[in-house]
Structure formats: structure tokens, C-alpha cells
Amino acid sequence: MIAPMNRIAFAAVALMTATSPGILQAQDVPGIEICTVEKTMERRTSCLQSNVDFLQKTITKLTTDNQQKLDASNRQIEALKAAVIGLQKLVVELQAAQGKATTPAPKDVPAAKDAAPAKDAAPAKDGAK
């Protein structure tokens, strides 16, 4: 007696679930359809037009998204350029302040390789005494 009651309860729940709106109803999901399976020319044309509409909407959405990303990137690049210019000015100011604080090194000092050898340098060792 319990088994038939369970079946009736299960059937009632299944029936209520199947008839409730929005749960099991089919929806037309936009996308590319295979139009060659359609038999009539009207349905095939409609299918092709649906594909064209879907592709145009997709291209428009992607174009908009990419343009927004480019605009955001350009704004970020401009902000970074402004920051670099500010830092370059700061470096120039610091170099100018450092140059005033210390005496500048003379520019006519010969390089180390051009300088004459020191007189008190040790003689080179080449194994002979």
C-alpha cells in the first residue's frame, strides 16, 4: 500500500515540476545553426538570416568591447607618460641640486689607460731574475 502511494506522490511532483513555467520550457538560444537540414527554401532562408543576424550582433559586441579596452589602454598609457615626464623632471632637479652641492670633476683628466705608468710600480714578473 505504501508503494502505490509513493508512485502517486512521485507522479504528482513530476507533473507539477513539468508544468511550472520556465523550468523545462525550451528556449531559442542564439547561435549558428546548420541550415542545410531544412527542407523548404523559406525555412532555409530564415535560418541563414538568423545566422547572419547572430554574426552581426557578435561582431558589433566584440568591436565595442575591444574599443573600450583600447580606450582604457590609451588612458593608462597617457597616465604613464605623464608619470615618466614627472620623474624625468625630478631626476633633472636632483642632478642639478647635487651638482651645486659638490664641485664638478675636471673634464681634462686623462683616462686610466692613457695615463703614464707610475714610477714606484713593481717590475713585471716574467719568471727571469
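So, Arg 43: buried or exposed? Arg 43 is exposed, because its relative accessible area is 52%, and the cut-off for exposed is over 50%. Before I go on, please keep in mind that this is a predicted model.

Arg 43 has a partner, and that's Glu 38: the two form a salt bridge, with the closest N and O atoms 2.8 Å apart. Now look at Glu 38 itself. Glu 38 has a relative accessible area of 18%, and since buried means under 20%, it counts as buried. In general, side chains of opposite charge can pair when their charged atoms come close.

How many salt bridges turn up in a search of the whole structure? Three.

Next on the list is Asp 65 with Lys 61, where the closest N and O atoms are 3.4 Å apart. These two are four residues apart in helix H2, which means about one helical turn separates them. Lys 61 is exposed, at 53% relative accessible area, while Asp 65 is partly exposed, at 28%.

Then there's Glu 78 and Lys 81, whose side chains meet in a salt bridge at 3.8 Å, N to O. Again we're in helix H2, and again it's about one helical turn between them, because they sit three residues apart. Glu 78 comes out at 48% relative accessibility, so it counts as partly exposed. Lys 81 is partly exposed too, with 47%.

Let me zoom out for a second. The secondary structure comes to two helices and zero strands. H2, the helix I keep mentioning, covers residues 41-101. The protein has 129 residues, and 5% of them count as buried. The accessible surface comes to about 12400 Å², with 64% of that belonging to carbon and sulfur atoms.

Why does Asn 51 count as buried? Because its relative accessibility is 9%, and the limit for buried is under 20%. And what does Asn 51 touch, once you leave aside its neighbours within four places in sequence? The answer is Gly 31, Ile 32, Glu 33 and Cys 35.

Step along to Val 52, also in H2. Val 52 is at 38% relative accessibility, so this one counts as partly exposed. If you want a distance to check on your own screen, take the C-alpha atoms of Val 52 and Gly 31: they're separated by 9.8 Å, and the two residues are 21 apart along the chain. Gly 31 is also one of the residues in contact with Asn 51.

Ile 32, Leu 55 and Ile 59 make a nonpolar surface patch of about 300 Å². Ile 59 lies in helix H2, and with a relative accessible area of 54% it's exposed.

So, if you take away a few things: three salt bridges in the whole structure, a buried Asn 51 in H2, and a nonpolar patch made by Ile 32, Leu 55 and Ile 59. And once more, it's a predicted model.

How values were computed
Residues are numbered from 1 along each chain as its sequence is written. This is a predicted model: local features need pLDDT of at least 70, side-chain atom pairs count only at pLDDT 80 or more; totals for chains, interfaces and linings use all residues. Side-chain values use heavy atoms; hydrogens and water are left out. Buried means under 20% relative accessible area, exposed over 50%, partly exposed in between (1.4 Å probe, protein chains only). Contact means heavy atoms within 4.5 Å. Patches are made of residues with over 30% relative accessible area and no salt bridge: like charges are joined within 9 Å, nonpolar side chains (Val, Leu, Ile, Met, Phe, Trp, Tyr) within 5 Å. Accessible areas come from the Shrake-Rupley method with a 1.4 Å probe; for residues, only the protein chains shown count as cover. A salt bridge is a side-chain nitrogen of Lys or Arg within 4 Å of a carboxyl oxygen of Asp or Glu.
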